[in-house]
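Open the model in your viewer and keep the selection tool at hand. The tour goes from the whole chain to single residues, one stop at a time.

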Amino acid sequence: MFDSAAADLSDSETLLRENQRLRHQIEANSQLMALLTHQLSTPLTSLQGWLDLLAEPNLDLSQRREFLSLVRQQVHHLHRLLTEVLALHYLDSESLGTHLESLRLAELLHEALELFPGAPIQTALSEGLPPIWGDRWQIVQVLANLLSNALKYSPEASPVLVGAEPQGDRQLKIWVRDYGLGIPAADQPHLFRSFYRVQHPDRAQIAGTGLGLALCKLLVENQGGTVAFESTHGEGSVFSFTLPVSALFPSTPRDEHHHP
Ligand code: ADP
């Protein structure tokens, strides 16, 4: 009898907890929906406007080209928004496939750098860095996002440095430094929130989704690392993340792994 009473109690506790979890999830989902709708409506409205203008029969070639390029930019922006929202969703629902393996940072960096041909990025990887234990696609995404931000929020041709060093003997710290706009102190605590963007005149013309850093944080944490940054407004920033070193992990490759 005691047993069944205990079972009843734990059942109702479980039910309550599950109920609360679902409620939080619904709240988070509707918040995400509201934000997403807002984020989609601006580029869609301007796309509509550019397309209406393009339909004008009396446009000259240079105007047509200009409007087409604006349409292309907005489509690119929407595409990026969609990719980032999907990745966030998969991470959230724990359905993002994570394939952990032993990886050389130099190789991953090479892959990420190919996305920025001609950009003023300098690498400073020391010899003999240990291999890392992580997911190739996810690490390249993080590197690409941090490099893209460093370039985007810096004056043209301002150098961006990327490097790495061991942190203790279990982690590797990878950093991206820029000498660009930096981040106002008041915005710093919120930077990794989904859709959070700094509202300051010095970057009013720079487009973005406010999802890049939120995604980086989730991807890094998904692989057992942490993200951090230091920044001075007007001087520049250094963003860094850690990942486990592979030597201390099983040397046989693990199977497809869905993160707990
Ligand atoms: P997005 O760049 O799409 O707005 P992110 O999540 O990547 O979104 O970044 C959030 C905000 O943090 C940006 O709006 C930007 O103002 C600021 N930020 C991110 N990286 C840098 C950087 N390297 N230098 C200055 N500001 C940055």
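In what order do the elements of the protein chain run from the N terminus on? They run α-α-β-β-α-β-β-α-β-β-α-β-β-β. Here helices (H or I, at least four residues) and strands (E, at least two) are DSSP runs, numbered from the N terminus.

Before selecting anything, note that this is a predicted model, in which local features need pLDDT of at least 70 and side-chain atom pairs count only at pLDDT 80 or more, while totals for chains, interfaces and linings use all residues. Residues are numbered from 1 along each chain as its sequence is written, and side-chain values use heavy atoms, with hydrogens and water left out.

**Stop 1: the whole chain**

Select the protein chain and colour it by secondary structure. The count comes to 5 helices and 9 strands. Now show the surface: the chain exposes about 15,800 Å², and carbon and sulfur atoms supply 57% of that area. Such accessible areas come from the Shrake-Rupley method with a 1.4 Å probe, and for residues only the protein chains shown count as cover.

Of the 260 residues, 37% count as buried. Buried means under 20% relative accessible area, exposed means over 50%, and partly exposed lies in between (1.4 Å probe, protein chains only). Contact means heavy atoms within 4.5 Å. Among contacts with a separation of 6 or more, 72% are between residues 24 or more positions apart.

**Stop 2: the ligand**

Which of the 20 residues around the ligand come nearest? They are Asn149, Tyr153, Arg197, Thr209 and Leu213. A residue is near a molecule if one of its heavy atoms lies within 4 Å of it.

Next, look for polar contacts, which are pairs of N or O atoms within 3.5 Å; within protein, one must be able to donate a hydrogen and the other to accept it, and residues adjacent in sequence count only if both atoms are side-chain atoms.

- Arg203: an N or O atom in its side chain is 3.1 Å from a nitrogen atom of the ligand.
- Thr209: a backbone N or O atom lies 2.7 Å from an oxygen atom of the ligand.
- Gly210: a polar backbone atom is 2.9 Å from an oxygen atom of the ligand.

Taken alone, the ligand exposes 530 Å², and the protein buries 98% of that. The elements giving two or more residues to the shell are helix H4 (136–152), helix H5 (212–222) and S8. The largest share, 3 residues, comes from H4. By class, the shell has 9 nonpolar, 7 polar and 4 charged residues. In this scheme Ala, Val, Leu, Ile, Met, Phe, Trp, Tyr, Cys and Pro count as nonpolar, Asp, Glu, Lys and Arg as charged, and the others, Gly among them, as polar.

**Stop 3**

Select Ser240, which lies in strand S8 (residues 236–244). Ser240 is buried, with a relative accessible area of 11%. Leaving out residues up to four places away in sequence, Ser240 touches Lys173, Ile174, Trp175, Thr226, Val227 and Ala228.

Then go to Ser231 in strand S7 (residues 227–232). Ser231 is buried too, with a relative accessible area of 14%. Its side chain and that of Ser237 are joined by a polar contact of 2.9 Å. Beyond its neighbours within four places in sequence, the contacts of Ser231 are Gly182, Ile183, Gln188, Gly236 and Ser237.

**Stop 4: helix H3**

Select residues 105–113, which form helix H3, and view the helix down its axis. The buried residues of H3 are Leu105, Leu108, Leu109 and Ala112. These fall within an arc of 100 degrees, so they line one face of the helix. The arc is that of the directions from the helix axis to the C-beta atoms. Their cover includes strand S2 (101–103), strand S3 (121–125), strand S4 (132–134), H4, strand S5 (160–167) and strand S6 (171–178).

**Stop 5: two loop residues**

Select Ala157, in the loop between H4 and S5. Ala157 has a positive phi of about 75 degrees although it is not a glycine. Is Ala157 buried or exposed? At a relative accessible area of 65%, Ala157 is exposed.

Phe195 sits in the loop between S6 and H5. Phe195 is not a glycine either, yet has a positive phi of about 70 degrees. Phe195 counts as buried, at 9% relative accessibility.

**Stop 6: Thr83**

End at Thr83, in helix H2 (residues 61–92). Thr83 counts as partly exposed, at 39% relative accessibility. A polar atom of its side chain lies 2.8 Å from the backbone oxygen of His79.
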